[in-house]
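Please keep the sequence and the model in view while reading.

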Amino acid sequence: MSNPMPVVKDLVIPLEQFPHLVSDASVHEAVGQLFSHTINGSGKLLYDELLVVNSQSQYVGRLTIRSILTCYFPTLFDGGQKSIFAGKKEKFSDLAILLEDSFQTECKRQGALPVSQFMVPPLKSIKADLHPLHAAEIMMEEGQTCLPVVENQAVIGVVRLIDIFRTLAGSCSL
């Protein structure tokens, strides 16, 4: 007889173990959260985004490392064309190294701003009692490798596609 298939809740990374913060926290606090989640203390980050929740632990958005870089130096990372000199436009400035001092000053100032100004809209969340196959379908449709999991309208953590894959593939007879 085969083991019963777990539900998404059994695969969740609890919210306490995943970087998250409230929407009025500063971007500097968000970076601190990301830096506190590393691979065996190596300094290599485990995650490239944080969940943003309100005071009732309801999921209100995400803060990605792209959002943080845009916050720190919007004139360089806003995605637009950069003027190198009069009449010439480049997507990336070959003179970016000259902006380092400016970046240091700008990121200190900008990092004090609240994450609510830079967070991206929330992704679809999934329910804790969902079957892993259904969760995989949603994640594949949405093109996401990590989604928040909710129970009783509160975020309890996240589930990663890699963990769902391990569960589903592990149940196959090879």
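**A strand pair and its surroundings**

Strand β3 (residues 49-53) pairs with β4 in the antiparallel sense, and the two are joined over 5 bridges. The model is a predicted one. The points below describe this pair, then the cysteines, and then the protein as a whole.

**The hairpin of β3 and β4**

- Leu51 has Arg62, in β4, as its bridge partner.
- Between the strands of the hairpin of β3 and β4 there are 5 residues.
- In this hairpin, Ser57 takes a positive phi near 60°.
- Strand β4 covers residues 59-64 and is mostly covered, with 5 of its 6 residues buried.
- In a regular strand, side chains alternate between the two faces of the sheet.

**Cysteines**

- A disulfide is a covalent bond that links the sulfur atoms of two cysteines.
- With a cut-off of 2.5 Å between cysteine sulfur atoms, the count comes to 0 disulfides.
- Cys146 has a relative accessible area of 13%, and it therefore counts as buried, since buried means under 20%.
- Cys172 has a relative accessibility of 47%, so it counts as partly exposed.

**The protein as a whole**

- The protein has 6 helices and 9 strands.
- It has 174 residues, of which 38% count as buried.
- Its accessible surface comes to about 10,700 Å², and 56% of this belongs to carbon and sulfur atoms.
- Among contacts between residues at least 6 apart in sequence, 61% join residues at least 24 apart.

Key: Residues numbered from 1 in each chain as written. Predicted model: local features only at pLDDT ≥ 70, side-chain atom pairs only at ≥ 80, totals over all residues. Heavy atoms only, no water. Buried < 20%, exposed > 50% of the residue type's maximum accessible area, 1.4 Å probe, protein only. Helix = DSSP H or I, 4+ residues; strand = E, 2+ residues; numbered from the N terminus. Pairing = 2+ DSSP bridges. Contact = heavy atoms within 4.5 Å. Areas by Shrake-Rupley, 256 points an atom, 1.4 Å probe, with all protein chains shown as cover.
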